[in-house]
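Trainee: Could we go through how helix packing gets its labels?
Mentor: Happy to; let's take the terms one at a time.

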Amino acid sequence: MQKIIRNTKGKDIAGLLVAMALICVGILMVIVAINHFSAAVEQDQDRQLMGEISSVDYSINDTVERFDSQLKALTETERFINAVEVWRESGFEEELGNLADNSSLGNMAAYESMFITEKGRMVFSTIEGKNYSLGEKLNGDIFRCTDSSGNEYLAVKSRLDGGLSCFGVIDVRGFLYATKKQGNGKPESITLLEAGTGKLFREDTIKKGDAESHFLCEVEKAGVRASRSYEKKVDEGRLTTRVLAVPSAETENGIFAISASSDYDVIDSLIGSTVTKLVVYIVFIAIGLFLVIMILLRSRREKQMVDEELHRLTEKNKQMEELNKKTQELAHHQRLETIGTLTSSIAHEFNNLLTPIMGYSLMTLEKLPQDDNLIYDDVLEIYNASVKAKDIISRLSELSRKNTEMVFKPIVPDDLVNKVLHVTAPALPKNVDIFRDLHCSGKSVEGNETQLSQLLLNLIINAFQAMGEEGGEITVSTKVDGEHVVFTVKDNGPGISDDIKEKIFDPFFTTKESGAGTGLGLAIAQQAAEDHKGYMEVDSGEGRGTTFKVFIPKADTGLPEGYEDFLMETSGADIVDREDIKKRI
């Protein structure tokens, strides 16, 4: 007992360790899944920020190109050239300023002002009292520009005649503000970093040491785009921000490095709530699975108990059925033995009566005058009738004889059918027609004649009984099918339903009334076919008749001895002349 308890404890500890290992693996998998989910969310956020950066980059590049084309188109118009001439000759600036402010260039959102320089010195500005100084050249005809207050701009250059240059001023912060309003509004801010100068632009004021701006400078210096999440202080507390920065080397405009940032707290809270829901759902699923497993285990135990009880009862039922079956078989065999004994006795008595009838009729035929045909025919009919009766009695004797040994010999299928039909002829109902279709006169099978006769006899008698009072037709045929000889008994009776057809070969199964049949006919027939290494098939259905086919292997030993002489006679044929009578005598 102690050993059993110790083994049970060991199994419990092993099971507990396995359960803990599974729990640890499950927790680890949940953590990995959460990390993957967070990484996927960050990647999706970066894709959105990259879309904003690409939009701003495209807007900058498109604005600068359109600004340049609009400036050149304005400065090349005859009206503008004339206004410049008037300004140079008379110093009249109003016309020149109106042309710039009211042109398509002046209607652009990025337009700040326009000024003209001569030998690098500003000589005209559309904003009175505002001076601009050019910085270094950034890209093509684009220059860095500052006003007297130190505000940073971009200036696009267009050359004029007489050594003059016209510059259109782009307000970067105003341009950024307009660009953000046109976007989807998701990013918190867009920051530009002027390539080469490190000058930062944003639509709002850039605070000293701003983490986003500092990160953009690092990315511009490294020359590779990057993303980062960081916290910053706001009035309500602290805010997590996600930033994506792209260096100027990777932008289309080539002038600015660009960064975009957005509030990451919403995403972070979404991840947190999702993780919480995931854990709760997993707990619910685990509890549900545990309950299902417990219910299944309980159901399985109950089912096992029911199955065991059912198996016990089934075994007892089988034993009772087997005992009942053996009892019925014994009683049936006793009845058959009694019937066989009675049949043999009756056949013997009939033979004793038929012998003098046949003998005296032959003697009478011998003594009749040759010209007395009328009496001769009458006596001949008596003799032929007695011959037929003797043949029928001999068939009955063969069927009732006990077969203590299974003796197999060559049997001609057609001859066997003819003999059986002779035996069944007296039982043929008046309203039933029977036909033969025999095609095995030159073939043979190895078999026991008594068993095969009883097989065919059972099938034919069953067909008689199936016809009932309505009558019909029965066809008994033989043919060769490959390596088998096929005996077929076909009727056009009412047929057999599908639910009954599955049971017809079961011993003692019968559809007849109590006492009208033993239910062994088809079972014996099937056993006889199997004893001859053959098999049976049945094709039937309600309202379309029944066909039984018996397949018996074809024999290779040839025809029975003396069969060629037997073919010269017809089994049970009438004797029609005196020479035949002499041979018989």
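**Two helix pairs**

Mentor: In this predicted model, helix α2 (residues 78–90) packs with helix α3 (residues 94–101) at an angle of about 150 degrees, and their axes lie 8 Å apart.

Trainee: Why are α2 and α3 called roughly antiparallel?
Mentor: Angles over 145 degrees count as roughly antiparallel. The angle here is about 150 degrees, so α2 and α3 are roughly antiparallel to each other. As for handedness, the crossing of α2 past α3 is left-handed.

Trainee: What makes up the contact of α2 with α3, by class?
Mentor: Six nonpolar and two charged residues, with no polar ones. From α2 come Arg-79, Phe-80, Ala-83, Val-84 and Trp-87, and they meet Glu-95, Leu-96 and Leu-99 of α3. Arg and Glu count as charged, so Arg-79 and Glu-95 are the two charged residues.

Trainee: Which residues of α8 and α9 meet?
Mentor: In α8 they are Leu-416, Val-417, Lys-419, Val-420, Leu-421 and Thr-424; in α9, Glu-449, Leu-452, Ser-453, Leu-456, Leu-457, Ile-460, Ile-461 and Phe-464. By class, that contact has 10 nonpolar, two polar and two charged residues.

Technical notes:
Residues are numbered from 1 along each chain as its sequence is written. This is a predicted model: local features need pLDDT of at least 70, side-chain atom pairs count only at pLDDT 80 or more; totals for chains, interfaces and linings use all residues. Side-chain values use heavy atoms; hydrogens and water are left out. Axes are lines fitted to C-alpha atoms, for helices over the stretch in contact, and angles run from 0 to 180 degrees between N-to-C directions. Helices (H or I, at least four residues) and strands (E, at least two) are DSSP runs, numbered from the N terminus. Angles under 35 degrees count as roughly parallel, over 145 as roughly antiparallel, 65 to 115 as roughly perpendicular and the rest as oblique. A crossing is left-handed if the near helix is turned anticlockwise from the far one by less than a right angle, and right-handed if clockwise. Contact means heavy atoms within 4.5 Å.
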